[in-house]
Amino acid sequence: MSRAVRFSEFGPPEVLKTESVERPAVAPGAFLIRNESIGVNFIDIYFRTGLYPAELPNGLGVEGAGVIEEVGENTTHPQGLKPGDRVAYISPGPRLPGSASYAEYSSVPAASVVRLPEGVSAQQGAAVLLQGLTAKSMIEVTTDVKKGARGPRRGVALRGDWVLIHAAAGGTGQLLVQIAHQLGARVIATVSTEEKAAIARSLGAEEVILYGRPGIDVAVEVQRITGGKGAYAAFDGVGQTTFEASLASLGYLGWLVSFGNASGKVPPVDLLRLSDKGIRLLRPSLFSTLKSRDGLFLELAEKLLADVASGAVKQGVHKEYPLEEAGQAHIDLESRGTTGKLLLKP
Ligand SMILES: NC(=O)c1ccc[n+]([C@@H]2O[C@H](COP(=O)([O-])OP(=O)(O)OC[C@H]3O[C@@H](n4cnc5c(N)ncnc54)[C@H](OP(=O)(O)O)[C@@H]3O)[C@@H](O)[C@H]2O)c1
């Protein structure tokens with residue numbers, strides 16, 4: 001037997017129960033992984049509340065790191081992974097029985113497992129993988145932000161283009177700020193507190209807007225900072241409360257990358273409203289991006305983890321909670337009181 005967090009109804013964090021369950025059988029094409037560290041993500045809240053559909057009862061969690069315990073039938077891996085190897089992974093979670101990561105053991109499709117490099121701990125792996133891939137894929141794959149507004153002829157990525165990054169001290173936000181800044185972008189961050197502003201600045205944000213404060217209009221601030229040119233891209237994981245500001249902050253042909261719903265779902269958008277500036281509206285999900293090309297997961301994950309190993313990319317960890325306190329981790333993440341990553345320890 002082993003321990004796993006389960007839920008049998010949609011609702012508040014209290015619906016999460018730690019239960020004694022059968023260890024999942026390793027599926028064909030998968031690895032059975034003994035989790036050492038588990039990543040908490042906002043998508044877990046969407047599944048728990050029913051915003052994203054899931055069968056019930058179910059497990060939760062789409063990210064973890066640990067040690068390979070067993071190899072399923074017909075399982076191959078380009079890195080030659082075998083039992084005993086240290087790995088990190090993303091998994092379909094509630095969408096595939098046995099794969100949810102809020103558990104001692106998870107059976108994870110081999111295609112989304114990566115070896116942890118020497119010197120990168122399970123905690124670091126579970127903290128950075130999903131949010132780092134999300135940030136990297138939005139900058140490098142689904143938009144041309146890496147190339148920059150004036151295209152490849154400049155030969156350098158993004159030199160001097162302004163990008164707006166909401167919730168910049170959050171898990172995904174911290175990684176977006178670092179990656180965009182390292183490419184030469186000028187980052188305008190939004191955060192809710194002075195403490196979060198200091199974090200965003202330390203990671204490379206040049207300007208910080210304390211959104212939600214009386215008299216602060218994000219779009220007006222962005223237009224002022226950019227000299228009326230507007231931002232080249234807005235990365236918006238906050239959703240309902242920031243979508244309009246993101247739209248109004250962009251310049252011609254700007255990218256509005258709406259990648260999450262932390263404050264609620266964005267209402268339907270009248271496409272004609274995009275035409276004045278030719279806004280490119282994108283609603284990416286990491287899982288769909290990774291399905292677009294074989295080998296993309298490993299290509300991005302190896303580079304990301306190499307950057308973690310070298311210290312070029314860091315992920316702040318807010319707190320590591322015991323598995324039994326998964327509900328408290330959700331309460332804290334929803335409260336806006338956290339910075340960086342929340343982890344569970346099985
Ligand atoms: N599309 C994808 O594939 C993908 C992948 C990963 C994450 N995401 C999305 O990215 C977003 C961030 O996820 P995360 O796990 O990195 O979380 P996070 O940023 O660590 O936490 C969410 C942050 O959003 C801000 N926020 C603003 N209004 C909020 C509200 N009403 N309730 C809660 N938070 C609010 C808060 O920062 P302030 O206090 O500074 O406002 C809060 O700390 C989420 O929308 C998530 O769904 C999408």
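Rings of Phe, Tyr and Trp (its six-membered ring) count as a pair if their centres lie within 6.5 Å; planes under 30 degrees apart are stacked, over 60 edge-to-face, and the rest tilted. With that rule in hand, select Phe42, Tyr46, Phe47 and Tyr52, which make up one aromatic cluster. The count by this rule comes to 4 aromatic pairs. Zoom in on Phe47 and Tyr52: this pair is edge-to-face, at 5.9 Å centre to centre and 85° between the planes. Both Phe47 and Tyr52 are buried (under 20% relative accessible area with a 1.4 Å probe, protein chains only).

A quick note on what you're looking at: this is a predicted model, where local features need pLDDT of at least 70 and side-chain atom pairs pLDDT 80 or more, while totals for chains, interfaces and linings use all residues. Residues are numbered from 1 along each chain as its sequence is written, and side-chain values use heavy atoms, leaving out hydrogens and water.

Next, colour by domain: domain 1 is 2-127 + 290-344 and domain 2 is 158-284, with bounds from an automatic or database assignment. Their centres, taken over C-alpha atoms, are 28 Å apart.

Now for the interface. Here 14 residues of domain 1 contact 17 of domain 2 (heavy atoms within 4.5 Å). About 1,200 Å² is buried between domain 1 and domain 2, with 48% from carbon and sulfur atoms; that is the accessible area (1.4 Å probe) the two parts lose on being put together, summed over both. Select Gln315, Arg336 and Thr339: they supply 35% of the area domain 1 buries against domain 2, more than any other three residues.

Methods:
Buried < 20%, exposed > 50% of the residue type's maximum accessible area, 1.4 Å probe, protein only.
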